[in-house]
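Subject: Structure handover

Hello,

Here is the structure I said I would pass on. Please open it first, then read the notes below beside it.

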Amino acid sequence: MELLFSLVFLSLTFSSFLQPTFARGGQQQQSSLSSGFFENSSFNSDSTARHLFEENRSHLSLDIARGYMTNSQLEKALKAFAQRCSHISRIYSIGKSVKGVPLWVIEISDKPGEEEAEPAFKYIGNVHGDEPVGRELLLFLANWICDNHLKDPLATLIVENVHLHILPTMNPDGFSLRRRGNANKVDLNRDFPDQFFPMNEDVHMRQPETRAIMNWLRDVQFTASASLHGGALVANYPWDGTQDKRTNYFGCPDDETFRFMASIYSQSHYNMSLSKEFQGGITNGASWYPIYGGMQDWNYIHYGCFELTLEISDNKWPSATELPTLWEYNKMSMLNLVASLVKTGVHGRIFSSDGGRPLPGFITVKGMNQSVKSGKTFADYHRLLAPRGRYEVMAAMPGYKLRSTCIWLDEAAMTLDFVLEAEVTLKENLLRSGCECDCGNTIRLEFVDFLLGGHLEVCFILIIIVGFLCFLFQSRMKSNLSKHRQVVGPKRLAGKS
């Protein structure tokens, strides 16, 4: 019996020294800074709070960020990149952090800053301040595309067919403070409105970094997106939460498409797809552990942007000497995910049958309760779908007849344009009848248009007034004529004398 108690005591003592690594969870303890790239990770499935617990940072080394760019160095690097690659890029800011640090974005395209009938993709790094690998790898990505444009077919494909937006750091304050949350100790990946629970609805309570992302999506119509995290090695896809808060698989309407996208990243990675913890190196967020107020689900629900959460390094804050290797491990994954926007899916434009005007309508796939909007200027749409499937694609626009067509989507992308006919209204029927009676009678057409333009009541009142005036005029004329006859007397007939 004493031996049994001794074993229990020793096991409890040993477990107290284990430090779990959280990738997306709430309370975060810094992972070990060993030289190994990929370590086993665990998580806290019950952590859903926006505000973080006090973090034990006593064990953090002062040299933890040695070799990583500071916020000011990152800003200089971005501006230097914009000058070096000005022919295919520009930089702009989407807002500022709590402490006033600009949130700089690089846009890479053959026509940066211009609207084109092309899909847009965004990468976001450093959502959590203590996960800085993404901010470094995104600079590697931008420089590689700049150096290999017109040399490498993949780089050329991206530049000439996609608008790629790169936000290296969403949380510069958290990075400088060496902690997960922002300067207000808020986990930015729990600060978005949630579909299951009424949280983060007050716009004034949201963090400035969160508001910047939300405003960004109102300005730019993104087809797909990915945020880069650390603490695990897996491609995570929606849904991130469940209505009952239980940990189980809960897929979104585009579950098959998201699995396809996540697999593109995982299978292009050096060893992500070989994971023993996650089959194929991908996972449904709710199946891993539920979170609420996350950025990934919000993108998809409110703007139809297909976003993945990419855990790209088991070690949250590896030595900076390992960054080039981590870049090589993730390079093809990052490139292929962006290129998939034009290599797969259904793309096209929506036109009006009356003169071929572009129509900013909606594209819906039968059986999937999620619409994709077409662009305002060119009415272009880009609908991601898993290949090797049959789909019924529908185009709609208020005031126009719904148009649908069935397709078989193979491995390659498909172009599918829609021409919509306007719905025939009462006004158009009256106008058409007027034309059939007398095509040259423009006055009649204008009169009908006036009547059906919301002026029926006015016309009715005018008719009554005119009729009454005519009645008064006619009565007045009769009265005057009678008086005239009385004054003149009977008319004489002239004859010979």
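A residue is called buried if its relative accessible area is under 20%, exposed if over 50%, and partly exposed in between (1.4 Å probe, protein chains only). This is a predicted model, where local features need pLDDT of at least 70, side-chain atom pairs count only at pLDDT 80 or more, and totals for chains, interfaces and linings use all residues. Residues are numbered from 1 along each chain as its sequence is written, and side-chain values use heavy atoms, with hydrogens and water left out.

The chain overall

The chain has 497 residues, and 48% of them count as buried. There are 13 helices and 16 strands; these are DSSP runs numbered from the N terminus, with helices being H or I of at least four residues and strands being E of at least two. Among the contacts with a separation of 6 or more, 71% are between residues 24 or more positions apart. A contact here means heavy atoms within 4.5 Å.

The loop between helix 5 and helix 6

Asn 189 is in the loop between helix 5 (172-177) and helix 6 (208-219). Is Asn 189 buried or exposed? With a relative accessible area of 4%, Asn 189 is buried. Not counting residues up to four places away in sequence, Asn 189 touches several residues, including Val 127, His 128, His 229 and Met 295. A polar atom of the Asn 189 side chain lies 3.1 Å from the backbone nitrogen of Met 295.

Asp 187 lies in that loop between helix 5 and helix 6 too. Asp 187 counts as buried because its relative accessibility is 0%. Its side chain makes a polar contact of 2.8 Å with the side chain of His 128, and another, of 2.9 Å, with the side chain of Arg 180. A polar contact is a pair of N or O atoms within 3.5 Å; within protein, one must be able to donate a hydrogen and the other to accept it, and residues adjacent in sequence count only if both atoms are side-chain atoms. Asp 187 and Val 127 are 60 residues apart along the chain, and their C-alpha atoms are separated by 8.5 Å.

Aromatic rings

A pair of aromatic rings is described by the distance of the centres and the angle of the planes. Rings of Phe, Tyr and Trp (its six-membered ring) pair if their centres lie within 6.5 Å; planes under 30 degrees apart count as stacked, over 60 as edge-to-face and the rest as tilted. The whole structure holds 19 aromatic pairs. In one of them, Phe 175 and Trp 317 have ring centres 5.7 Å apart and planes at 20°, so the pair is stacked. Phe 175 belongs to helix 5 and Trp 317 to the loop between strand 8 (306-313) and helix 10, so the pair ties together parts that are 142 residues apart in sequence.

Lys 122 lies over the face of Phe 222, at 5.6 Å from the ring centre. The rule is that NZ of Lys or CZ of Arg is within 6 Å of the ring centre and within 35 degrees of the ring normal. Separately, one aromatic cluster is formed by Phe 196, Phe 197, Phe 250 and Tyr 292.

Helix 3 (residues 133-148) has 16 residues, of which 13 are buried. Its end C-alpha atoms are 23 Å apart, which agrees with the 22 Å that its residues should span at 1.5 Å a residue. The expected span is 1.5 Å times one less than the number of residues. After helix 3 comes Leu 150, with a positive phi near 70°.

Helix 10 (residues 323-343) has 21 residues and reaches 29 Å from its first C-alpha to its last, close to the expected 30 Å. Helix 10 bends by about 45° at Asn 330, the bend being the angle between axes fitted to the seven residues ending there and the seven starting there. Just after helix 10, Gly 345 has a positive phi of about 85°.

Backbone details

Asn 126 is not a glycine, yet its phi is positive, near 55°. It is found in the loop between strand 3 (120-124) and helix 3. A cis peptide bond, with omega about -10°, joins Pro 238 and Trp 239.

Regards
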